[in-house]
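This briefing collects selected local features of one protein model for computational review.

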Amino acid sequence: MSSGYKPDILWSPHHADRYVICDTELSLYRIGPSGSSETKAGALQLSEETAATLLAINSDTPFMKCVAWYPKHEPECLLAVGHTNGRVVLTSLGQSHNSKSKDLAGKEFVPKHARQCNTLAWNPVDSNWLAAGLDKHRADFSVLIWDISSKFSPEAVPAEKVRLSGDADSGLLVTKPLYELGQNDACLSLCWLPRDHQKLLLAGMHRNLAIFDLRNTSQKTFVNTKAIQGVTVDPHFQDRVASYFEGQVAIWDLRKFEKPVFTLNEQPKPLTKVAWCPTRMGLLATLTRDSNIIRLYDMQHTPMPFGDEVEPTIMERGVQPCSESIISSFAWHPSAQNRMVVVSPSRVMNDFTLFERISLAWSSTTSLMWACGRHLYECAEDSGQAAEAEKDIATKMRERAQSRYGHDTVQVWRNHVLAGGDDPQLRSLWYTLHFMKQYTENVEQKQQSNKQSLIYSGIKNIVKSSSGTTETRRCWSGSDRQTDVPRFHSEERSLALQLCGWISQGPDTDVEPFLKSLEQEGEWERAAAVALFNLDIRRAIQILNKGASSEKGDLNLNVVAMALSGYTDEKNSLWREMCSSLRLQLKKPYLCIMFAFLTSEPGAYDGVLYESRVAVRDRVAFACMFLNDAQLPRYIDKLTNEMKEAGNLEGILLTGLTKDGVDLMESYVDRTGDVQTASFCMLKGSPGEVLKDPRVQCWIENYRNLLDAWRFWHKRAEFDIHRSKLDPSSKPLAQVFVSCNFCGKSISYSCSAMPHQGRGFSQYGVSGSPTKSKVTSCPGCRKPLPRCALCLMNMGTPVSSCPGTGKADEKADLTRDKKLAQFNNWFTWCHNCRHGGHAGHMLSWFRDHSECPVSACTCKCMQLDTTGNLVPSDSV
Amino acid sequence: MDLHILDHRLRVTCISKSGLQHYTHPLIKLIFLRNRTRCKFFSLTETPENYTVVLDEEGFKELHPSEHLQVEGSTWLPLNVVSNGNASSSSQAVGVTKIAKSVIAPLAEQHVSVFMLSTYQTDFILVREKDLSVVVETLVEEFNIFREEGGESVPVHSQDSCNGLQRNGREVPHATVHPVLIPENHFCVMSLDPDTLPAIATTLIDVLFYSNSPKEGASVDQDMECIKFFSFSLIDGYVSLVMDTDAQRQFPADLLFTSSSGELWRMVRIGGQPLGFDECGIVAQISQPLADSDISAYYISTFSFDHALVPEEDITSVMEMLQTQRKEMSS
């Protein structure tokens, strides 16, 4: 017989560490940590941390069908057991000695007609009431509500009538129920409604879910459904009920009881248990017969439907608490979050905690939040130890935006300092852009516009167009020995050298100023190498000496200088041999390439050209000097592709701001995510094609969104201004016009500037004319403009009647930070109530009020503005 | 009140006493091996004459045709009356009595032949499928009628096409008064947890199939007064048993369910010769006067005769009542 009974598990309502397993007998267990001294040898291991100890066994009730635990604290281990013949017996477990428990234990409640008891439920408030749901009988009720405090039935059954039941000791026998409900109907499941303890929800045959109110049992609300096998109320949401049938779970809202809110049905096998999680809102666990998987339905984010169409979203997942065996039943832990104990048909128990789904969100300011169960974790970038780990690009961009990175349009190279000055690639990029700009400006002055287009297209294109190269062989300066090192000259090559920063503008090709600046920055090795490449070995030695003697100087530089001074061009000398082998041991790349240069054959400078630690601009400059017309483009192409692939910003020197440059920038952005540099850099490229590239537009838009997300609204506005100056096509058209209430025309100057007006603007102009006050009237019809709701003055801003200024003026105005109309004087109005006034007045009003300043108006203007209460996080 | 037309299509059959041995296998399968058949409605009633088996079409497939098996030609549909809770039933009378006025009498008037089957749980009224439209027409005034199809209850409304009651052919004068027999034995109506069926299997097989073998203690003269009657039904997972106290003693007491008062019933057998299936008004004849006197009753029709069970304390008044009825009829 026992094969038919699968163990069920029931958690104590008051002791979080006790539960009962019931199959043919009731076994009380205590759950505790497995390692503790409390647990004895007989403890059953439930999980890695927990074990259960058997406290008591009650085997008085072999024909039990259902069990319910008394909901009150006292007596603590009182259980109601429903039998297959419909009797309900109160029994206790464990060593409960108090008198109340003794009075109650053993009490028996007998229905008039025997049939199976399907379900039991204690009333949560009036704990004397016990509802029992029975199978149907042709002449009897299927729901009996017993009062456990009632004495044995006064109209005791005559002894001769007890022939069949065979129970003589009717001392504890109760046969008269308090209430009887549901005639010729079986009750398969029932529960008390927590919202109103007099109400009972029944699931019965004839496919009904019915709600009875005990105060008026003839009235019931019912709904016809198949899902009647079991009902259970969501402990967190008392109007939500789950009922099930076969493999189908229906979720009901008792306030809208006509049909299920939704149905979950995809399980092929019949369900055996459905339970709401007591510790987690809207989490329903279901178990099907002969399954080892508990399915979980998370209705956490279910909005209650207002219309019939709303289909709530449900997250479904399955968990397998014990891999091998099937699950007979499970029970949620009453207080520990997401924890349950499952029991297998062979009574193997398993303590198990569900892992909570994690939802995480990035903030716009590089911190990360995630929620797991009831815990909320935040992970923010450690700002204190920035040196140790490289900061996230978002943090960097934020800091750079605050330091106005990219906005220095005069001394373009300074932008790398604004960016922090520690990134060699950015440094190279901004110097490149600086040299390009410088050159363009000079060219502009000289009206040589034919080169202008070339300059932004990079050295790659410059070199390609090279023609008329001349070759010279120069002496080593300071020595009269003829070198056999050919050096190449052309107009394009010297342009390239300018872009590399080696020589400055003009016909003068002296590198001395460059060497001086390098010396100033303490870049001794680099300066020496540049001097050497300009065939000035003496200068190189001099620089090295200077470097060695400077503060924090490296004395090794003297040694290098000495080695250098021993230079000989004899092919088979010891010096050459030793230098070419020992140079590789030099740690400093520039020193290394110096000896590489001296020991190489003319035209074969791979040791210099492919030394990746040397700045690209120096290698390119070197190549422009020493590679012939055939080698140079090949080398430049190769280097360009290398740079493009690596996304190395130094390559911008080669590609310029062309499509190639966008490709390079693309791989840079892919690598770093630095849309800020990409946006600023590409804005510098005046050719329209580059700015029209969708990638560039995408970077710019993303950067703007980023600034908005950081609430850097002023920075964003600044960027937009900067952008519209460099890219006039990005200037947005006016979208809002203020029109006059009388003539309906726009009061802005652009409208009044229409030629048919035929009137000079000096009439309304601001330029000190006596009609200055007229800004408060419509330029079209001269009727007064509306009044400010606060100061009651007519509104109007000088800019509204200011004639358009030339482009140059505009630029000048903005740089001088002189505004035609203070923001305080701007028109503002509520889109809802249409009241408004001067922006400054409105701002100060809404700082303290939420309602419209117009006295009769109750519009909550400020609350309608979702961003109105946000404060920009950048300073004004 | 609701009237449910249940989702079963039933056949009424009869196995002769001598032919029982040919059918023990399917019967045992239908009774004990619920998981092996798709039969949802099974009822077996043993009377001294034969075994009446009522079962649905799935179960009917198990019974192979033979000379020992008689089958009534038509398909029957079970009806079930449900009080939808509003009637909190102050009346003590239960079973057939309760529905006598509302269902049985109107159907008798419309000449619809009914086959009654009472169980521990409820009362089924079986009607022929071809009479269904008449049944619906007749009862639609009184009841909310639902037809259960695939687990859903679908409301049924009387079809307009069926205008004018299609009478059941011939006008049968329902003056025929059938003789009644009131045996001495006491019966009990019981139920059982279907899960414990295996526990009583041997006893049940013994009672059902070996009851003809002489039992010790059953004296010959007692047999004259007592009637062999045993009914087992397994419908929608519910077991119902009707047996006399002799048979009941053979079962373990703690497994069978009955009322706590341990009420016992006496039987009124209707019909002197096999009643057939076409005559109508037989149930009404008995149930009407019982309803008038508010006496509860079970009613089990079999292939040959009808059997009404009334509480033992009411049997004298029922006898008197039937006698007066008989006098009225004959006068």
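In this predicted model, C788(A) is buried because its relative accessible area is 0%, below the 20% limit. C592(A) likewise counts as buried, at 2% relative accessibility.

- C788(A) takes part in no disulfide, and its nearest cysteine sulfur, that of C791(A), is 3.7 Å away.

**Annotated binding site**
- UniProt lists C791(A), H838(A) and H841(A) under "binding site".
- These positions are spread over 51 residues of sequence yet cluster in space, with a largest C-alpha distance of 8.4 Å.
- H838(A) is placed in strand β36 (residues 836-838) of chain A and counts as buried, at 8% relative accessibility.
- Apart from neighbours within four places in sequence, the contacts of H838(A) include C788(A), C791(A), N824(A) and W826(A).
- H841(A) belongs to helix α25 (residues 839-848) of chain A and counts as partly exposed, at 32% relative accessibility.
- Not counting residues up to four places away in sequence, H841(A) touches C788(A), L790(A) and C791(A).

**Nonpolar surface patch**
- F355(A), I358(A), L360(A) and W362(A) make a nonpolar surface patch of about 510 Å².
- Within chain A, F355(A) lies in the loop between β29 (349-353) and β30 (358-362).
- F355(A) is exposed, because its relative accessible area of 59% is over the 50% limit.

Conventions: Residues numbered from 1 in each chain as written. Chains lettered and ligands numbered in written order. Predicted model: local features only at pLDDT ≥ 70, side-chain atom pairs only at ≥ 80, totals over all residues. Heavy atoms only, no water. Patch = residues over 30% accessible without salt bridge, like charges linked within 9 Å, V, L, I, M, F, W, Y side chains within 5 Å. Areas by Shrake-Rupley, 256 points an atom, 1.4 Å probe, with all protein chains shown as cover. Salt bridge = Lys/Arg side-chain N within 4 Å of Asp/Glu carboxyl O. Helix = DSSP H or I, 4+ residues; strand = E, 2+ residues; numbered from the N terminus. Buried < 20%, exposed > 50% of the residue type's maximum accessible area, 1.4 Å probe, protein only. Disulfide = S-S within 2.5 Å. UniProt positions renumbered as here; feature names shortened; annotations may be inferred. Contact = heavy atoms within 4.5 Å.
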